[in-house]
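This briefing concerns the structure shown below.

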Amino acid sequence: MAYKNFKVETDSDGIALVTWDIPGRSMNVLDETSTNELDAIVKETTADAAVKGVVITSAKEAFCAGADLSMLEGMNLAYAKVFKEQGETAANQMLFEQSRRFSQVLRSIETSGKPWAAAINGLALGGGFEITLCCHYRVAAENPKPRLGLPEVKVGLFPGAGGTQRVPRLVPPQDAMTILLKGDPVTVDKAKALNLIHAIVPAADLIKAAKDWIKGGGKAVAPWDEKGFKLPGGPVFSKAGMMMFPAGNAIYRRETYDNYPAARAIMSCVYEGLQLPIDAALRVESRYFTSVLRSKEAAAMIRSLFLSMQELNKGARRPKDVPPTKVKKIAVIGAGFMGASVGYVSARAGLDVVLIDRDQESADKGKAHAQKVIEEQIKKGRAKPADAEALLARITPTADYAALKDVDLVIEAVFEDRKVKAETFAKAQEHLKPDVIFASNTSTLPITSLAESFKDQGKFVGIHFFSPVEKMMLVEIILGKNTGDVALATALDYVRQIGKTPIVVNDSRGFFANRCVGRYVAEGNEMFLEGVPPAMIENCAKMAGMPVGPLSLSDEVALDLGLKIMKATEADLGPNAINPDQKKLMVEMVEKQGRLGRKNSKGFYDYPEKGKGQKSLWPGLSALQPKQLDPDTLDIEELKQRFLVVQAVEAARTVEDHVITDPREADVGSILGFGFAPFTGGTLSYIDFMGTKKFVELCHKLEAKYGSRFTPPKLLEEMAAKGETFYGRFAPKKAAA
Amino acid sequence: MPEAFIYDHVRTPRGRGKPDGALHEVTALALATVPLKALKDRNNLPEDSVDDVVLGVVDPVGEAGSDIARFAALKAGLGEAVPGVQISRFCASGLDAVNFAAAQVMSGQHELVIGGGAESMSRVGIGASGGAWPMDPSMAVPAYFMPQGVSADLIATKYGFSRDDVDAYAVQSQQRAGKAWDEGRFNKSVVPVKDINGLTILAKDEHMRPSTTMQSLAQLQPSFTMMAQMGGFDGVAIQSHPEIERVNYVHHAGNSSGIVDGAGAVLLGSKEAGAKYGMKPRARIRAFANIGSEPAMMLTGPVDVTEKLFARSGMKKSDIDLFELNEAFASVVLRYIQAFDIDNAKINVNGGAIALGHPLGATGAMILGTVLDELERTNRSTALVTLCIGGGMGTATIIERV
């Protein structure tokens, strides 16, 4: 029988070689056709007496990178349809049966009675790795990079085709939990050491090794289908199990704040499944998988963290009629911390970098930063000494603006002062090739007004990096009023080259990310002034899903900088733009107490010397609070909500102000830029999944109690009245076209 | 409604709950039998006179499994017609057994019932019976499961008890227990555990250290820090009470209840049963109650159940002459004292589990007996007995001398 996605060839020894090779794609992904064909192949090879055993491999560079998650969108539509027509129970039943189909196909491989060997030629992730786990033998090609893993949890899902059952039946529970809950892939060597695979051979010998195992009498029975099978960690209710599960549950809560249903489901699948024979265990896994598929967290995370992120990375917002640009050489003007880091990430991506500062010594300092970073990478095993050499060779530090003569893109990261910037532009302009795009990395000054100091405003654009640049994956591209398409396209192409995710926003004070995160920090200050215990502010923020508490974040950013921004906002927009009590608090902290934040080891927290314990809240804080509230009288859920709502309502305002024109960018930008509770799918998904009407009601409730910062914009009121969502009203596909 | 009277109570001495403890060689069944047989002998109970035996056992597995109450009753010679039932409400099981026994009498269905408990912690082991609560993510996560010690440290942190506070309380417990033994205050109720030849194995509590001082306690490292940090429970504690920046770990072996082996039993009956067997009632059960409390903090249930019991019985703090609260951890007692502003001279006046040990399923019956003896010794009337309980519960009973 002929297949579309697979080739099946049976050799003279009766070994069927099943080669996965989806036409027209660079990678095999698990889709409906592949599932159906795999099912047919199992049936065919099982029925064919001439077939003694089966080897499955891939013709692509990777074995399989996982499931096609867009397939789930179809499943969701089908679910909604059945739900509407036949009710929830029928819809759940349908989803249960459909979503476990792949798991059942894999189980049929395991119980086919014929030995199956997986010849893992490359990357095998998610469902791809689960295929190999149901084979009776796994041999992988040599490879130094992490190749095997179950990353589903990162997008709000979990390995629902036996992964939660077969992994802890192969490796001890603690290792199994790490693989399942962290989702990071492991190298083939580590997989072998863990007992996840049986053998590693040179790539050229892969198929032979798999066939040899079959010829050598490889057994067509999984260990857990044999009588007397023992779990590698012992029974769940054993001394070892009693050490493992209570701590596992606690660590799950400590790390996730119980905000991630998929991670909790993994814990339950392992706990319940390991007390069952494999078939019942797989059924339980399927039940949890169905329930996670129905969760809004999974839907939100798949959309934002997988689909939208992929689309933005592929240039969803790129003007289509501008031919592709390739930046070969860039200049970064201003070799301070930010500029040096921008230089580093560019050089790391293979670009030549001219690092310019006012004198050679300052420029050299910038290059030294790059050297420090790459050395740390080598120490962590993430780079080789040769990489460092090549990287440093690409960075040229200089004080001479003439070095700008052959660069394709300039990014300035000089001091945040209009005059300094204008002088820099004037100096640079003399040396630039015609048509070079000039970008500013400003985080505070509006791009439109900065562009006025540049000769060709159409070539001027904002490229806003986040600190630390090496770690932060988001880049905001800011369009001034006159920024042209070529500038935008070049900026997007550059961001893609350095492997970061871009969002495109229109000019506004604070652009998008800082506007929202500013609200978050301010809300922390508001709670402080209300008399909420400082620890409770920090903990509730983290429980709401934020990575860092607002007081900590203030310390990281530096309190004096916060005060400076506050004063600037007041000067530009008038006294009503800020809360005078917050200003008073910051003046007290900065000017009277000399507490500037992390940078002088004194802020909301006291910071001990390195290696001398953890930071702790400054005991003097309570004296700065006008009153102290009894924590037992406070509504924790409301505190958590305030943090998310205040940011989400600001995000909605950025849509109303046309700063954000595509909801995907607000969502992805908020998660990557400032860690907005990822399980919500981002600031706008948070509203959409709550329901616009419910969100607006919540805003009004909080507005009545806490003031106008919670007042929903007109746009939201209108959407609530019409029952609209952001993804409905501002449907991204149209926006991207 | 018939009243339930207490006619007698006994307990074994508490043996160190380790392989070198004196009661380690005694089977759980033999241990549970001791107080039952003593009640029969001391009160000359004829065979088959007891309607039921309710025994609390927290880890009813292995040799302590399969309804040990029936077999202990048989072994004690109470008679073939005497049934038994084993119950567990964790640490309050012994008091609940007394309450369940009282309830049988008060409902008019039974005349003479024994309530008590037994725990051989050295032989069966704490936690041996497993259970979903800490293990099953669907329960452990929403219930903020933490080991009791971490909850006790959380209570100390939240209510502001320092290491000195809890240590000072522990020293007092040791001194009070030492004095009680010295003055023979337990003599009336402690029955020695003997071997098959009638030779004494243990006659006195062996866990206590009356010479304990603040200085000697200061040498001890906190017991739950590592478990909390490595096991993730510090994060659970903070999420359950987010006003706390970090948990202050103050409890250690010297200010927590001791792990011991022991058994105790209380003989309850109607007025008629007393008359029938020629026994004089010593006290009546005034009221009892159970409650569920916040599961994360877990051990504050005595406060909640006391409030419930006061409300239900129409009684108030000033009606209570003596309080007996199980010393699971020092912070549990300090919080209870703080919540009701109780005079330190009225609570746990003869020490408690910090000095003497906490044989889980037996303790409730033991401390009820201890406080009754003290009421009699000092000629006072009313006492409230209560215990904190795993999973966040409280059980309390008020007794009144007659």
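**Contact between chains A and B**

In this predicted model, the contact draws 27 residues from chain A and 21 residues from chain B. The points below begin with the chain A side of that contact.

- Four elements of chain A, namely helix H10 (239–256), helix H11 (261–273), helix H21 (534–543) and strand E18 (616–617), each supply at least two residues of the side that touches chain B.
- H10(A) gives the most to this side, with ten residues.
- Sorted by class, the side of chain A that touches chain B consists of 19 nonpolar, four polar and four charged residues.

**Helix H21 of chain A**

- H21(A), one of the elements that supply the contact with chain B, is mostly covered, with ten of its ten residues buried.
- The buried residues of H21(A) include the charged residues Glu538(A) and Lys542(A), and also Pro534(A), Met536(A), Asn539(A) and Met543(A).
- The cover over the buried residues of H21(A) includes helix H20 (513–530), helix H22 (550–557), E18, helix H25 (621–624) and H26 of chain A, together with helix H10 (233–240) of chain B.
- After H21(A) comes Gly545(A), which has a positive phi near 115 degrees.

**Nonpolar cores**

- The largest nonpolar core has 352 residues, and those with the most contacts inside it are Ala117(A), Val139(A), Ile266(A), Val410(A), Val461(A), Ala491(A) and Leu268(B).
- Helix H26 of chain A, residues 636–656, gives the most to this core, with ten residues.
- Apart from its neighbours within four places in sequence, Ala117(A) is in contact with residues including Gly53(A), Val55(A), Cys135(A), Tyr137(A), Val139(A), Trp213(A) and Ile214(A).
- A second, separate core of five residues includes Leu559(A), Met566(A), Met589(A) and Val590(A).

**NAD-binding domain annotation and a sheet in chain A**

- An unreviewed UniProt entry places the feature "domain: 3-hydroxyacyl-CoA dehydrogenase NAD binding" at residues 329–507 of chain A.
- Over residues 329–507 of chain A, the chain is 40% helix and 22% strand, and the end C-alpha atoms are 27 Å apart.
- Chain A has an open sheet of eight strands with mixed pairing, in the order E11-E10-E9-E12-E13-E14-E15-E16.
- Strand E11 (395–398) and strand E16 (501–506) of chain A stand at the edges with a single partner strand each, so one side of each has no neighbour in the sheet.
- From one strand to the next, the twist of this sheet averages 25 degrees.
- Strand E14 (residues 460–465) and strand E15 (residues 474–479) of chain A run antiparallel and are joined by four bridges.
- Ile463(A) has Ile477(A) in E15(A) as its bridge partner.

**Thiolase domain annotation and strands in chain B**

- For chain B, UniProt lists "domain: Thiolase C-terminal" at residues 280–401, again from an unreviewed entry.
- Residues 280–401 of chain B are 38% helix and 25% strand, and the end C-alpha atoms of the span lie 11 Å apart.
- Two bridges connect strand E1 (residues 5–11) of chain B with strand E9 (residues 283–292) of chain B, and the two run antiparallel.
- Opposite Ile6(B) stands Ala283(B) in E9(B).
- E9(B) also pairs in the antiparallel sense with strand E12 (residues 393–401) of chain B, over nine bridges.
- Ala289(B) has Ala396(B) in E12(B) as its bridge partner.

Definitions and conventions: Residues numbered from 1 in each chain as written. Chains lettered and ligands numbered in written order. Predicted model: local features only at pLDDT ≥ 70, side-chain atom pairs only at ≥ 80, totals over all residues. Contact = placed C-beta atoms within 7 Å. UniProt positions renumbered as here; feature names shortened; annotations may be inferred. Core = buried A, V, L, I, M, F, W, Y, C linked by C-beta atoms within 7 Å. Buried ≥ 20, exposed ≤ 12 C-beta atoms within 10 Å, placed from the backbone. Pairing = 2+ DSSP bridges. Axes fitted to C-alpha atoms, helices over the stretch in contact; angles between N-to-C directions.
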